[in-house]
Amino acid sequence: MQIKEITANKTDYTDILLIGDEDENMISKYIEQSTVFALYANNALTSVCAVITTDNETIEIKNLATYPEYQNKGYASALIDFVCNKYKTEFKYLILGTGENNKTLSFYKNRGFKETHRLKNFFIENYSHPIFEDGKQLKDMIYLKKIL
Ligand SMILES: CC(C)(COP(=O)(O)OP(=O)(O)OC[C@H]1O[C@@H](n2cnc3c(N)ncnc32)[C@H](O)[C@@H]1OP(=O)(O)O)[C@@H](O)C(=O)NCCC(=O)NCCS
């Protein structure tokens, strides 16, 4: 397993980024200023994680995704651990916002994140079309925070 920072041609990763955030227009708003890490297993791209600096003590995950055929092998967890280790001396908190999907929320809570607040109707007001996950329409953006 190898994790590389992607510095050029980030749009080459659009197909995997769309797994974590299905709106290409939203991705284009953060991807250029993001630091993007890509995880490879046996030289095959399996997962990506895009992070930005929010303030001088906080970094934010803007996108985290693993191709379906590589899910449940620990790759996204490895990327979170990598990001935490890389930034823990410089920053205090790792935050992220996600939709109200129980699987996603437990994934993050099991990895030390706690809910802080929600942005009401974020997905309705900011996405060009309704987003459904596991048959449920996403409405609020839920913010989670982990102490590094
Ligand atoms: C969430 C996601 C990044 C996890 O990637 P992964 O490489 O399979 O993660 P790991 O193997 O390290 O851990 C597997 C965990 O993901 C959970 N999981 C499996 N499918 C999932 C899904 N569709 N959505 C959310 N979590 C999922 C498993 O329950 C497991 O959690 P647990 O260990 O706490 O029980 C991956 O499922 C994914 O890309 N989902 C779609 C995009 C998404 O929801 N991104 C998060 C919002 S930014």
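The protein I am showing has five helices and nine strands, where helices (H or I, at least four residues) and strands (E, at least two) are DSSP runs numbered from the N terminus. This is a predicted model, so that local features need pLDDT of at least 70 and side-chain atom pairs count only at pLDDT 80 or more, while totals for chains, interfaces and linings use all residues. Residues are numbered from 1 along each chain as its sequence is written, and side-chain values use heavy atoms, with hydrogens and water left out.

From the N terminus on, the order of elements is β-α-α-β-β-β-α-β-α-β-α-β-β-β. Of the 148 residues, 45% count as buried, meaning under 20% relative accessible area, with exposed over 50% and partly exposed in between (1.4 Å probe, protein chains only).

Let me turn to the cysteines. Taking a disulfide as a pair of cysteine sulfur atoms within 2.5 Å, the count comes to zero. For Cys 49, the nearest cysteine sulfur is that of Cys 84, 9.2 Å away. Cys 49 is buried at 0% relative accessibility, and Cys 84 is buried as well, with a relative accessible area of 11%.

Finally, Lys 92 sits in the loop between helix H3 (75-87) and strand S5 (93-99), and is partly exposed, with a relative accessible area of 44%. Leaving aside residues up to four places away in sequence, Lys 92 touches Glu 57, Lys 146, Ile 147 and Leu 148, a contact being heavy atoms within 4.5 Å. Lys 92 and Ile 16, by comparison, are 76 residues apart in sequence and 28 Å apart in space, C-alpha to C-alpha.
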